[in-house]
Amino acid sequence: MPKDHKDAKDTGTPPEPATPVPADAPDEQPAGKPPGKRSGRRSRPGRAGTPGTAAGKAAAPGLPRPAGRAGAGRVGGLLSALALVAAGGALVSAASLAPQSASSRQLETPLAAVPAGSSVGVCPGPARLLEGTPVGTDPQFSPESATARSTINAVVLSASSGIVPGSRLASLKGSPLVELAKPPAESAAAAPAAAPPVLLAAVVSEREVDAGSVLSADPQGNRQAAAGAVMNYTAGDGDLRGSATAACQQPANDLWLVGASTALGRTAVLSLSNASSTPATVSLELFGARGLIQAPGSRGLLVAPGTTRSIILAGLAPGQERLSVRVRSAGGPVSAVIQQSVLRGLTPGGVDFIAPGTAPAIRQVISGIDIQDPAALAGLLAKPGFADAGPALQLTVPGSADAVVEIKLYGRDGQKALRGGGVITAKAGAVTEVSLAGVPAGPYTLAASSDVSFAAAARVTRGLASEKASDLAWSPASARLGSQHVVPVPRSGDRFLVFGAPEGRARISYTPVTADGKIRAAAAADIAGGTTASITVPADIDGSPLVGYLVSAAGDPAYGAVLLQQDGRQDISAIAVAPGVAGQEQVPVTLGY
C-alpha cells in the first residue's frame, strides 16, 4: 500500500544549505549607521585565512557565534520547504482544474442510426438424387423422378400507406424470374393517403423452379419490407419419395443445423448459397454422437458470389447416426440447408430439408411436432433399421461442460409425461438423442431448458408400415412470436398452423392472404399456458386460393410452425415461423485510431 509521506532520511533530495554567515559579522549595528547597512568590505569566499572561509573559521575557533543565527537559518529553511510544498500543491491543483485535452477525456459512445436494408430470402433448389457412389465431397446428381415438382410461394406485404415495395423473385445469379411489384415513385411513397390505408400484398403462387432462387424486397421508410417465401418439393416415386419444404432464409455468417445422418442408407448433402456480391469463405464444425469431429477439408470452403456449393457430409464425417453442423462464413453471408434422405433397403424412408434453427441458448422451444399412434409406432421401432423412424429430440452441446436438460412436452390438453421423467444429461461437444415416443398422438410443442447452452431440433415421422414408403421432417428450434410475421404456405396438401404457449396465456392473431393479393379478415386464438393449438388452413377464401398468413402474438411467450401433410400419402413437412421484420437500428460507433 503506498505511503502518504516519506521518512526524512529517504527523501532522495538533500536539504538546501543555509546561507553562510561571515565569522566577523558584528552582533550590533555600529553607531551612526542606519539599520540594514553593513560596514566594511564584503568578504570574498575562497581565499585561505580570509574571514568567511572554512580556513578562517578554523583559525579562529574561539570566536563566539552570534546568538539566534542558527535558529533563524533553520526556521528559514523550514519556511522555504513549506513554500515549495505549497507551490507544488498549487501546481497539481491547477493541473487538475485546467481543461483536459480531448484525447484524455472520457467520451460517451455515440449511436449511429443504420437504415434498414432490403429483405432477402434465399430459397434452396429442388431435392436431387446422388448419382452412383459419391467420391469425396462434391456430389453428382441424377435426374429427378417423373413426378417430382418444386414450387415457390411468396408474399410481400405493403406498407401502412398501402403501397407495395419494389420486390422480385430472381435466380441466385440475379436473372429475373417474377417481378412482384415495381419500385414506387418517390412522390407516391411520400404522399399522405387520401383515405384510410388498406393493406395489400404482392403474391407469387405455385411458381415452378429448377434451381435456387432469391426473393428480395426494397425497404420502405427505414423499415424492412415484410416478406416471406417457401420452397416445396413433392415426389410420388423414386428414392426421394415424399415432401420436403423449407422457408427461404435470410443469409447469415453463423448458422446451426441439427438432425443430419450419414449412417448406412442415410444421405446428407449440405448446400451453401451466396446471394451477395462478396466471396464467402466457409468453415464447418461437425458434432457427432461421440464428440467433435476433426474433418480435413471442412475449413476454407470458398463460395463465389451468385453460386451454390454442395458438400456430401459423408465425405467429411462418415457413419454418423447423429450429426450437427455449424456453418461460419467470413466475408459474404450465406444460407445453408441440408438435404437429408433415408433409404431402407429398397424402401424410401423420407426426404427433408434441414433448416437452421436458433443459436445455442439455455432455453429452446420447438413447435410443430406431430406424433403418431404410440402403440403402432412401438411395433415399427422394434424392427431392425427403424430406430430413426419415430419422433425424437436431438440436442447439441457445443461447450466443454455437460448439460442437464429438462424437457417438457405440451399437447392440446396440457403437459404429457416423458419416459425417464424428462430430465437427461447431454454430453459436452456431442449430439444426444431423446425419444419422444409413447405419448398420445397429436400435435405438440416442446420446451427444453438447462444451465448450459445447447442447440436443438425435433424429428417427426409419418408411416407405420415397414414395407411401405414413409417420410420424415425436422422442426428446428425457433424464436418467440412477435408482431407481423409473414408466413407463406404451399397451396397443395393438408396444412396446419401449430401454436404453443409453454408458460402463461397467449393470444394469436392470424390474418389470411389470398392469391389475389387481398388481406382477409383476421381470426384469433386464445392459447392457455402449457398447451398447443392446431388450426386447419382452408384451401381458399371466397374462391381465391390461400397462400399465406400474417401472424402476431400478444401476452406470454408463444411459438409457431406450419405442419404440412398429404391426404392419402405418408408425406410430412414442418416449417418454423421466421422472425418478424426489423426496423431502423442504432449501433455504437467507437471513436479512436
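Q: Which residue forms a salt bridge with arginine 266?
A: The model is a predicted one, in which local features need pLDDT of at least 70 and side-chain atom pairs count only at pLDDT 80 or more, while totals for chains, interfaces and linings use all residues. Residues are numbered from 1 along each chain as its sequence is written, and side-chain values use heavy atoms, with hydrogens and water left out. A salt bridge is a side-chain nitrogen of Lys or Arg within 4 Å of a carboxyl oxygen of Asp or Glu. With its closest N and O atoms 2.9 Å apart, the pair meets that rule, and the partner of arginine 266 is aspartate 388.

Q: How many residues apart in sequence are the parts that arginine 266 and aspartate 388 tie together?
A: Helices (H or I, at least four residues) and strands (E, at least two) are DSSP runs, numbered from the N terminus. Arginine 266 lies in strand S13 (residues 266-274), whereas aspartate 388 lies in the loop between helix H4 (374-381) and strand S22 (392-396), so the parts that the pair ties together are apart in sequence by 122 residues.

Q: Is arginine 266 buried or exposed?
A: Buried means under 20% relative accessible area, exposed means over 50%, and partly exposed lies in between (1.4 Å probe, protein chains only). The relative accessible area of arginine 266 is 15%, and therefore this residue is buried.

Q: Which strands hold aspartate 370 and arginine 462?
A: The side chains of these two residues meet in a salt bridge, with 3.2 Å from N to O. The pair links distant parts of the chain, 92 residues apart, with aspartate 370 in strand S21 (residues 361-371) and arginine 462 in strand S27 (residues 442-462). Aspartate 370 is buried at 10% relative accessibility, while arginine 462 is partly exposed at 24%. The strands asked for are S21 and S27.

Q: What is the relative accessible area of aspartate 542?
A: Aspartate 542 forms a salt bridge with arginine 520, and the closest N and O atoms are 3.3 Å apart. Arginine 520 is buried, with a relative accessible area of 16%. Aspartate 542, by contrast, is exposed, because its relative accessible area is 69%.

Q: How many salt bridges does a search of the whole structure find?
A: Some residues take part in a network of salt bridges, as Asp254, Glu285, Arg326 and Arg328 do. The search of the whole structure gives a total of 18.

Q: What is the volume of the largest cavity?
A: On a 1 Å grid over the protein atoms alone, a cavity is a set of points where a 1.4 Å probe fits but cannot get out, and lining residues have an atom within 4 Å of a point. Grid points are joined across faces, edges and corners, and a volume is the space filled by probe spheres set on the points. The count comes to three cavities of 30 Å³ or more, and the largest has a volume of about 60 Å³.

Q: Which element gives the most residues to the lining of the second largest cavity?
A: This cavity holds about 40 Å³ of space, and its lining includes Trp256, Val258 and Pro476. Strand S12 (254-260) and S27 are the elements that give two or more residues to the lining. With three residues, the element that gives the most is S27.

Q: Is the pair of tryptophan 256 and phenylalanine 287 stacked or edge-to-face?
A: Rings of Phe, Tyr and Trp (its six-membered ring) pair if their centres lie within 6.5 Å, and planes under 30 degrees apart count as stacked, over 60 as edge-to-face and the rest as tilted. Two aromatic pairs are counted by this rule. For tryptophan 256 and phenylalanine 287 the ring centres are 5.7 Å apart and the planes lie at 25°, so the pair is stacked.

Q: What is the angle between the planes of tyrosine 510 and tyrosine 549?
A: Tyrosine 510 is buried, and tyrosine 549 is buried as well. Their rings are 5.9 Å apart from centre to centre and form an edge-to-face pair, with an angle between the planes of 65°.

Conventions:
On a 1 Å grid over the protein atoms alone, a cavity is a set of points where a 1.4 Å probe fits but cannot get out, and a pocket is an open set with protein on both sides within 12 Å along at least five of seven lines; lining residues have an atom within 4 Å of a point.
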